[in-house]
Amino acid sequence: MGSLFRSEEMALCQLFLQSEAAYACVSELGELGLVQFRDLNPDVNAFQRKFVNEVRRCDEMERKLRYLEKEIKKDGIPMLDTGESPEAPQPREMIDLEATFEKLENELREVNQNAEALKRNFLELTELKHILRKTQVFFDEQEGGVNQTTESMTRALITDEARTAGASMGPVQLGFVAGVILRERLPAFERMLWRACRGNVFLRQAMIETPLEDPTNGDQVHKSVFIIFFQGDQLKTRVKKICEGFRATLYPCPEAPADRREMAMGVMTRIEDLNTVLGQTQDHRHRVLVAAAKNLKNWFVKVRKIKAIYHTLNLFNLDVTQKCLIAECWVPLLDIETIQLALRRGTERSGSSVPPILNRMQTFENPPTYNRTNKFTKAFQALIDAYGVASYREMNPAPYTIITFPFLFAVMFGDLGHGAIMALFGLWMIRKEKGLAAQKTDNEIWNIFFGGRYIIFLMGVFSMYTGMIYNDIFSKSLNIFGSHWQMSYNKSTVMENKYLQLSPKEDYEGSPYPFGMDPIWQVAGSNKIIFHNAYKMKISIIFGVIHMVFGVVMSWHNHTYFRNRISLIYEFIPQLMFLLLLFFYMVLLMFIKWIKFAATNEKPYSEACAPSILITFIDMVLFNTPKPAPKDCEVYMFWGQHFVQVLFVLLALGCIPIMLFAKPMLIMQARKLANVQPIAGASSDAETGGVSNGGPHGGGGPHEEEEEMSEIFIHQSIHTIEYVLGSVSHTASYLRLWALSLAHAQLAEVLWTMVLSIGLKQEGWFGGVILTCVFGFWAILTVGILVLMEGLSAFLHTLRLHWVEFQSKFYKGQGYAFQPFSFDAIIENGSAAVEE
């Protein structure tokens, strides 16, 4: 069997590299992505390894690049991504990269600091400009004829004692402070002033219409200008403390109008100068970021490759001379020559004269499982690995799943129209896969759809095929070949009679329909659902039994490959016989019934004499005598049926004790003959069916601890009970093919009848408008419910049929995945992949 049907043969190798050539050789292996290194220093702390300083330098470079990336994204500058992957730089190039990143970071930080200082100064000047404008309005109101208000305000701010003192000292002078505060803090600020100063201050405020930019984070904030009048130094101190508590900014505001105008002119001049300087600063920052954006992707790739190389070198051991690095790695046998060529290229690049040495080792460890995939088979392999990674060299269900998965899905989803929508969506993703793959997104739902584009396309194509078999397109039928039925009903009867039935004896011509179902079943009335029920239920059982038999046959390939003679004779053969003698025989009865019994036949093989397959099967298993047949009919479908059924049931029951006791008894006998308790390798046959006596891969077979005989008997009992009872429940589980197919067809018919037909019945131009709206609503429900929701339901049920009913017959899934050192995987997953 090729590697498509089993995982690749793996070998554990020891690699010797000269210290000067180690970096270049590991770089070549990273580009190749076919070597999985083992950690030879598991007890050494990460901070005590040889290349920890280089890894830290890479971390620092990544930090600087992330800072540059954040600034580039903040300005909305597009980053150039050519899709190319530059080679890992030489160690000496790290110094140049560090210097470049250091220069860029320092320059950008300096520009940002200058810009922030300029923006802060600009904000202060802008706020001062608004204060001078607003306070000028306040003072103009006072001078323009509101002296009475000012006098009343003055009287309110002066206490009784101050009045008495003021009578002898002359007019009272009010002080004031002006500032800016955030608009949302203003109500609380006003209440605090009133309570703390006991109403002895007067507050005027005005909103600044345009939002101001916060220099710290660049957010737009809304502020208001305020001016507070008070009398006395005590209130002045109290007011300033309250302003400080609410983070209000106070600005000097002259009392004389001429001074205020002069200051306002100076402020405007300085704002204009600051605008010019800010523009030049932003242009310089933009130029720096644009230049960095052109190389940022390549810099990230280079740094991550360097970091990955040194992270891998930390897994190696040093020899006693400190001149040679030693590594252990898993490699596919078929790629050893390719790996050796890569090592030679790395040695030549480094200028070393000592060639690397790759020695194959003998081991008792279980090798990792490596299933070679491409962009088409990758998604199907992911479905299998989600259940469990295959044990080493175990039969891989993925190649067969490529056909069986979309087919079983289509049995449940069969509709030509819905399948076409799904197929077109999958085909669009396939045609645009390069562009869509380059548009990396964090949307998990989209990533799942895109990753399964080939599965979606095949499910849609197979659904179109089964839709043609069912002759079902959006719950309607295609009349391509005409009908092979001749109805004697008039049009009104066909359209109005809900209980119309077709008589296969009188209305059927007798010749089979060329392809799929006859379109006459669309108007068959009440027996349409009866016919579809019988048809789809039987084909569900037929497909299910064939699928399970195929799964049992797959276990034969596992037993023969691993030379497991005990499991082959005393497990595979009884399992296959049990399934064939009971459930495959039931399938044969279906075909016999279809062939021998027809409506046009005379008794005893007429339609009225056709026995029930389910009742026949139940009587067979329970050894019941069949009920007497109707007059002129026969109880059995063929001669000797009773004897055959009794024989099949007895043979099937006889397979159960063989599955239950034969294998543990033979293992116990083998242990007694060897006179060793326990024998290495015995329980691996009993429990896992794994490699024994030295497996076919490089080195010895997996060395496992032996189980007690009691545990072997318990495990075998569980396995046998699970298989026997599972054969019954799994056969019934395939009836979901029938149930979901009927549900999908009925939902489509309900949607057509309850929605689209309403628009089709309307006439005139108004009917066209109604039909357009109804069609849009029908299309949304069709895609949302029948394609997406029903498609997801059918997908999950198909996945269950493969994981439980099919793979449980032969697939253990107890291995671990081959995870090679690959730059592509590291770059795709980001820096997190390097840390693992």
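**Helix 24**

I started with helix 24 and found a bend of about 35° at Trp-752. The bend at a residue is the angle between axes fitted to the seven residues ending there and the seven starting there. Helices here are DSSP runs (H or I, at least four residues), strands are E runs of at least two, and both are numbered from the N terminus. Helix 24 covers residues 736-760, which is 25 residues, and it reaches 34 Å from its first C-alpha to its last. That is close to the 36 Å expected at 1.5 Å a residue; the expected span is 1.5 Å times one less than the number of residues.

**A note on the model**

I have to remember that this is a predicted model, where local features need pLDDT of at least 70 and side-chain atom pairs count only at pLDDT 80 or more, while totals for chains, interfaces and linings use all residues. Numbering runs from 1 along each chain as its sequence is written, and side-chain values use heavy atoms, with hydrogens and water left out.

**Helix 21**

Next I looked up helix 21, residues 641-674. Its 34 residues reach 48 Å from first C-alpha to last, close to the expected 50 Å. Helix 21 bends by about 35° at Phe-661, and Pro-664 follows within four residues. Which residues of helix 21 are buried? Among them are Val-649, Ala-652, Cys-655, Met-659 and Pro-664. Buried means under 20% relative accessible area, exposed means over 50%, and partly exposed is in between (1.4 Å probe, protein chains only). I also noted that an α-helix has 3.6 residues a turn, so residues three or four places apart point the same way.

**Whole chain**

I counted up the secondary structure as 27 helices and 11 strands. Of the 836 residues in the chain, 45% are buried. For contacts with a separation of 6 or more, 82% are between residues 24 or more positions apart; contact means heavy atoms within 4.5 Å.

**Helix 2 against helix 8**

Helix 2 (residues 52-74) packs on helix 8 (residues 257-293) at about 120°, with the axes 10 Å apart. Axes are lines fitted to C-alpha atoms, for helices over the stretch in contact, and angles run from 0 to 180 degrees between N-to-C directions. Helix 2 contributes Glu-71, Ile-72 and Lys-74, and helix 8 contributes Arg-285, Leu-289, Ala-292 and Ala-293.

**Two arginines with positive phi**

Arg-393 has a positive phi of about 65° and sits in the loop between helix 11 (377-387) and helix 12 (398-413). Arg-563 has a positive phi of about 55°, in the loop between helix 18 (526-561) and helix 19. Is each one buried or exposed? Arg-393 is buried, at 6% relative accessible area, whereas Arg-563 is exposed, at 60%.

Ile-573 is in helix 19 (residues 565-596) and is partly exposed, at 38%. I found its C-alpha 9.8 Å from that of Ile-658, 85 residues apart along the chain. Ala-598 lies in the loop between helix 19 and helix 20 (613-622), partly exposed at 27%. Leaving aside neighbours within four places in sequence, Ala-598 is in contact with Tyr-605, Ser-606 and Glu-607. Ala-598 and Pro-504 are 94 residues apart in sequence but 8.7 Å apart in space, C-alpha to C-alpha.
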